[in-house]
Amino acid sequence: MSDLSSARVEAFLEMLSAERGAAENTLLSYQRDLDDLSDFLSGRKVSLGLATREDLSAYLSDLSKRGFMPTSQARRLSAMRQFYKFLYAEGLRGDDPTAILDAPKKSRTLPKVLTVEDVTGLLSLAEAEANLEGPDQATRIRRLALLELLYATGMRVSELVSLPVKVLSQEGRFLLVRGKGNKERLVPLSRTAIEALVRYGAVRNADPIQAQSPFLFPSASKEGYLPRQVFARELKDLAIRAGLSADAVSPHVLRHAFASHLLGNGADLRAVQELLGHSDISTTQIYTHVLDERLQHLVHTHHPLAKQAKNPD
């Protein structure tokens, strides 16, 4: 790095420390990122202070070739943007080359999804265990209710464990759920979920301490309701007993299963968006791979040309 470039980086780091109170580790991270950029630019015979948008774009491409994940590339881009914005603000260069620089696209991984058979196995085992008499039967009945409600509604686990006890007095096959931003939505309940909820309610209200709680799933926790980590741990233990991998099962995975199984059986994407409580349809569109598979099957099964291909003259 040239003396001039070093001086500009040093001035930039001093600004971060003095004006923004950046921690020592943050400053070291910026230093490493800018040193790496400077090394790349030196190979193009360009100084750090005179780099163009094309130079910086080439650097991002080089990061990708070197195997840097999009998140790591985005962090390097953030450091570059702050550095060149500083140079522009200080009058050390007349433009900001990062202003129209495209951010690396983050790959969107598909959610883990359990098959219908996997979920059926979990529910069957949970029901069988709930029917076993013994000192822990109340806990097993609670687990069955949690599992049935989660798969029937696709609720977020935070919404599930914090349900108010008043849902026990609600009539009909719908549950009122309060989601993010205190937005309320109605979700339908399956017959088995209603039965599990009624059974659990009787056991819960028979306990004089739990009967006083305003929550459906009371606990001695700080919040007053069952910690989601406790339910997640119980669910993983159940998965192991059901012959499934503990890593493949979680409350969030069951939420994904709810959505994927609905779409796989013909549900509308907008309807699933409402049930999940997504404010933006783009969040729900991660499940379109399920729709793609179903639509391909429909075309291959019912389109007249597809039928002709299967039965050539």
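Reader: How do the axes of α6 and α9 cross, and within what distance do they come?

Author: Keep in mind that this is a predicted model. To read a helix pair, look at the approach of the axes and at the crossing angle. Here the axes of α6 and α9 come within 11 Å and cross at roughly 95°. Angles from 65 to 115 degrees count as roughly perpendicular, so α6 is roughly perpendicular to α9.

Reader: Which residues make the contact between α6 and α9?

Author: On the α6 side, T139, R142, R143, L146, L147 and L150 take part. From α9 come F231, E234, L235, L238 and R241.

Reader: Which residues of α9 are buried?

Author: They are F231, E234, L235, L238 and A239. Those residues cover an arc of only 140° around the axis, so they sit on the same side of α9.

Reader: What do the buried residues of α9 pack against?

Author: Four helices: α5 (116-130), α6 (137-153), α7 (157-161) and α10 (251-264).

Reader: What does the same ruler give for α2?

Author: α2 has 20 residues and reaches 29 Å from its first C-alpha to its last, close to the expected 28 Å.

Reader: How do the axes of α2 and α4 cross?

Author: The axes of α2 and helix α4 (residues 70-89) come within 10 Å and cross at roughly 85°, so α2 is roughly perpendicular to α4. The α2 side of the contact is S29, Y30, D33, L34, D36, L37 and L41, and the α4 side is R75, R76, A79, M80, Q82, F83 and Y84. For burial, the list for α2 includes L27, S29, Y30, D33, L34 and F40.

Reader: Why does K45 count as exposed?

Author: Check its relative accessibility against the cut-off. Exposed means over 50%, and K45 has 77%, so it counts as exposed.

Reader: Now for Y200: buried or exposed?

Author: Buried means under 20% relative accessible area, and Y200 has 3%, so it is buried. Y200 lies in helix α8 (residues 191-206). Leaving aside residues up to four places away in sequence, it touches I141, R142, A145, Q210, L216, F217 and P218. Y200 and T139 are 61 residues apart in sequence, yet 9.3 Å apart in space, C-alpha to C-alpha.

Reader: How many helices and strands does the protein have, and what share of its residues counts as buried?

Author: It has 14 helices and 2 strands, and 39% of its 313 residues count as buried. For contacts with a separation of 6 or more, 56% join residues 24 or more positions apart. The accessible surface comes to about 17,700 Å², with 53% belonging to carbon and sulfur atoms.

Conventions
Residues numbered from 1 in each chain as written. Predicted model: local features only at pLDDT ≥ 70, side-chain atom pairs only at ≥ 80, totals over all residues. Heavy atoms only, no water. Buried < 20%, exposed > 50% of the residue type's maximum accessible area, 1.4 Å probe, protein only. Contact = heavy atoms within 4.5 Å. Areas by Shrake-Rupley, 256 points an atom, 1.4 Å probe, with all protein chains shown as cover. Arc of directions from axis to C-beta. Axes fitted to C-alpha atoms, helices over the stretch in contact; angles between N-to-C directions. Parallel < 35°, antiparallel > 145°, perpendicular 65-115°, else oblique. Expected span 1.5 Å × (residues − 1).
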